[in-house]
Amino acid sequence: MEFLYNIFTVLHFVGWAIVLGGYLASLRTPGLYRGVFHGAATALVAGILMVGVAEVGGLWEDPDDAPSMAKIGVKLAVALVITVLAFVAKRQGRKGDNGTGAVTPGLKHTIGALTLVNIVVAVFW
């Protein structure tokens with residue numbers, strides 16, 4: 001079970017790297033790369049699977065080792081919002097070439113800011 005948990009952890013990190021990297025790469029353009037949505041969806045699903053595998057597999061046998069369920073709830077809520085916003089941005093951007101047409105700047109920057117918030121919560125909580 002620990003191996004499976006580690007696989008999902010890697011996928012989770014790769015998903016968030018795609019979201020943050022796609023956001024940063026598109027800062028000078030009016031669009032947002034459509035891979036941002038796919039990265040957010042990957043990170044969301046992998047995070048849910050990580051918690052499920054850890055709970056079922058008994059990886060958190062010692063209550064002191066288990067992360068706070070409040071933390072997991074906050075990260076889940078933020079990840080859901082990011083995924084929905086990335087989907088909306090993907091739909092807005094369909095008008096342009098390769099799905100990277102112009103999106104609302106507030107939408108794009110909200111995705112970037114919430115991604116950073118999720119990373120900060122993961123590290124400092």
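Modeller: Accessible areas here come from the Shrake-Rupley method with a 1.4 Å probe. On that basis, the accessible surface of the chain in this predicted model comes to about 7100 Å², of which 69% belongs to carbon and sulfur atoms.

Biologist: How many helices and strands does the chain have?

Modeller: The secondary structure consists of 4 helices and 0 strands, and the pattern along the sequence is α-α-α-α. The C-alpha trace spans about 50 × 25 × 20 Å along its principal axes.

Biologist: What share of the residues counts as buried?

Modeller: Of the 125 residues in the chain, 38% count as buried. Among contacts with a separation of 6 or more, 73% are between residues 24 or more positions apart.

Biologist: Turning to α2, how many residues does it have, and how far does it reach?

Modeller: Helix α2 covers residues 35-57, which is 23 residues. From its first C-alpha to its last it reaches 32 Å, close to the 33 Å expected at 1.5 Å a residue. Just after α2, G58 takes a positive phi of about 70°.

Biologist: Which residues of α2 are buried, and what do they pack against?

Modeller: The buried residues of α2 are V36, F37, G39, A40, A43, L44, A46, G47, M50, V53 and A54. They pack against α1 (2-25), α3 (69-93) and α4 (105-124).

Biologist: Is F8 buried or exposed?

Modeller: F8, which lies in helix α1, has a relative accessible area of 14%; the cut-off for buried is under 20%, so F8 counts as buried.

Biologist: Which residues is F8 in contact with, beyond its neighbours in sequence?

Modeller: Leaving aside neighbours within four places in sequence, F8 is in contact with A46, L49, M50 and V53. As for V51, the C-alpha atoms of F8 and V51 are 9.5 Å apart in space, although the two residues are 43 apart in sequence.

Biologist: And H12, is that one buried or exposed?

Modeller: H12 is also in helix α1. H12 is buried, because its relative accessible area is 11%.

Biologist: What does H12 touch?

Modeller: Not counting residues up to four places away in sequence, H12 touches A43, A46, G47, M50 and K75. A43, A46, G47 and M50 are among the buried residues of α2.

Biologist: Next topic: which residues touch the most other members of the largest nonpolar core?

Modeller: That core has 17 residues, and W16, V19, L32, V36, I82, A89 and I111 touch the most other members. Each of α1, α2, α3 and α4 supplies at least two residues of this core. The largest share, 6 residues, comes from α3.

Biologist: What is A89 in contact with?

Modeller: With neighbours within four places in sequence set aside, A89 is in contact with L32, V103, L107 and I111. There is also a second, separate core of 7 residues, which includes Y5, M50, V53 and I72.

Biologist: Which residues make the nonpolar surface patch?

Modeller: M1, F3, L4, I7, L11, V56 and L59 make a nonpolar surface patch of about 670 Å². Its largest share, 4 residues, comes from α1.

Biologist: Why does I7 count as partly exposed?

Modeller: I7 is placed in helix α1. I7 counts as partly exposed because its relative accessibility is 36%, which falls between the limits of 20% for buried and 50% for exposed.

Notes: Residues numbered from 1 in each chain as written. Predicted model: local features only at pLDDT ≥ 70, side-chain atom pairs only at ≥ 80, totals over all residues. Heavy atoms only, no water. Expected span 1.5 Å × (residues − 1). Buried < 20%, exposed > 50% of the residue type's maximum accessible area, 1.4 Å probe, protein only. Contact = heavy atoms within 4.5 Å. Core = buried A, V, L, I, M, F, W, Y, C linked by side-chain atoms within 4.5 Å. Patch = residues over 30% accessible without salt bridge, like charges linked within 9 Å, V, L, I, M, F, W, Y side chains within 5 Å. Salt bridge = Lys/Arg side-chain N within 4 Å of Asp/Glu carboxyl O.
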